Amino acid sequence: MTATASATLTNSIDPAAAKARCLKFRRRILDMSQRVSALHIGSAYSCTEIVDLIYFGLMRRKPDGSFLDTFLMSKGHGCMIQYAILEDLGILSRADMDAYCTPGGRLGVHPDHGNPGIVAATGSLGHGLSMVVGMALAEKTSKTGGQIYTVLSDGEVQEGSTWEAVLMASSLGCDNIVAFLDYNNFQSLGKTSDTHPTFYPLVEKFTAFGWESVEAAGHDSKALFEAVTQRKGGKPLMVVARTTKGKGVSYMENVPIWHYRSPNKQEYEQAVKELEAMVRS
Amino acid sequence: MRNTFSEALYQAATRNPKVYIVVADISPAGSMSKFSTEYPERFINVGVAEQSMIGICAGLALKGNRPFAYTIATFSLYRPFEMVRDDLCYQNLPVTVVGMGAGVIYSTLGGTHHTQEDIAIAGALANMQILAPCDPLECTDATAWCAEKSQGPTYLRIGKAGEPVLTKDAAEPFQFGKIRYLRRGTDVCILSYGVIMKKAAELADRLQAEGKSVSLVSVHTMKPLDRQGIAEALKRHKKVVVIEEHVPQGGLAPQTKQIAWDVKASCALHTFTLQDAFIHNYGSHDDLLAAHGIATDRIHAAIA
């Protein structure tokens, strides 16, 4: 782990700062929703704290400022939060964000390989985790010490290909994978616990497949951070993060239509008020 | 052919630490044991999990490596098709998908193990390149090209075992993207690719014995197809014959006809392909090809 020693270890979290950032990112996404209707706002709000933690609390940087670790957004439809963070980090520009989903722009509803800060094209579910396994193997073979972080949706875990990758990650000893399952219990056609009751339990499934797995409160940055830093290690880690789809805006929370919809002006104003209140709470 | 693939890949892996092979519970014999012994961290067996085979290859390539995915053609291209499309082609990664035993070589295993429409399917994908070497020597060249030169995804369609050497005295060397004259003549030109080239060579032998001047051409690069090379072959010969182990749609036969129209070719053009049918026949490879209408006698009679 010599590469790790020379890297900037950002393995720390300031919950108050995380809260302030997450408000800023949710506001940014909300503002974007007023210009373009094509975005998955509920899906991004569901994993806001998770993706914020990965970028600001977990991924380490090399001395030149580039990331030593890698993040792949397996649930590609949640990428508005990634875009907002990449803009904040200066990796995406204001102009990129302004041109989101417009002719001449390079950012679309799903992350595209080749765009700054985006390591893989996702959007079709069930692809991310296998690519994560390949990247984790490459890091291990070249002894870089690099960790691979990813966020999966709970719906995505219904894909058979995800389970192929779950099996391979542990069988191949990929202890440098840290995955978060954005467990919001909702997918396009309703509540997962209604449509797929045997989908649960989750932690036990990953444990049975040779992963270390824990449940954590998915909007609590400190709890998520501790789930990762207090792991035993030696195995890939799956943090089953209990989240709320559309978190922060009452009329969006757990209402499937907000998987796709953008708020109108009145709804927008209400959302702003509620998000501000969420931070003060 | 799979043994020469194995040896060529082992050599490539020795020269370049970025060469990996990811297999799905099927491994080429021969030198692959040397590969897995000497470079265990670059030999990955996913088991019967072809979707993850392709995804893992994509992940390795995203980190700058040059992986090969290897299993029987139908399982390397069809089963994980969307991974091939999205992970490899959409992201334009230098991953080689090896389709071993392509066509109807697995004649006794039934239609589940046949790959009779792979050129059409792989060829429809943007960024995908297709190589289909005709003998063990050409397979060595094609494998080395994939390991060292390719800048994007390639479908490498290879045979199984026991294919005869046909290119030892070839008139031209292997060159990616160019048709390759194995023999040069003026009367008849036979265009073919892959394992079925042995039928084309038999036909060429027979025509030459009858005093005809025959060109025998390996169209090893099926994508990007050497349209100019084929156009010239159509112009320079009185008769052009296409023989391919592939359904009538999307392969060399229809593309040659399209080129012939585009360049207003005046030669006679005969095409012989597999039928657009699943044929339940459990004899030898030759028996199954004959059931599809591909037999040297029949082709010889048809083009007379």
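A charge is said to sit over a ring if NZ of Lys or CZ of Arg is within 6 Å of the ring centre and within 35 degrees of the ring normal. The model is predicted, so local features need pLDDT of at least 70 and side-chain atom pairs count only at pLDDT 80 or more, while totals for chains, interfaces and linings use all residues. Residues are numbered from 1 along each chain as its sequence is written, chains are lettered from A and ligands numbered from 1 in the order in which they are written, and side-chain values use heavy atoms, with hydrogens and water left out.

**View 1. Charges over rings.** Arg26(A) lies over the face of Tyr45(A), at 5.4 Å from the ring centre. In chain B, the charged end of Arg184(B) sits over the ring of Tyr181(B), 4.0 Å from its centre.

**View 2. A ring pair in chain A.** Trp163(A) and Phe206(A) have ring centres 5.2 Å apart and planes at 20°, so the pair is stacked (rings of Phe, Tyr and Trp, the last by its six-membered ring, pair if their centres lie within 6.5 Å; planes under 30 degrees apart count as stacked, over 60 as edge-to-face and the rest as tilted). Both Trp163(A) and Phe206(A) are buried (under 20% relative accessible area, with exposed over 50% and partly exposed in between, for a 1.4 Å probe and protein chains only). Ring pairs also link Trp163(A), Phe206(A), Phe209(A) and Trp211(A) into a cluster.

**View 3. A ring pair in chain B.** The rings of Phe5(B) and Tyr70(B) are stacked, because their centres are 5.4 Å apart and their planes at 20°. Phe5(B) is buried, with a relative accessible area of 0%, and Tyr70(B) is buried with a relative accessible area of 0%.
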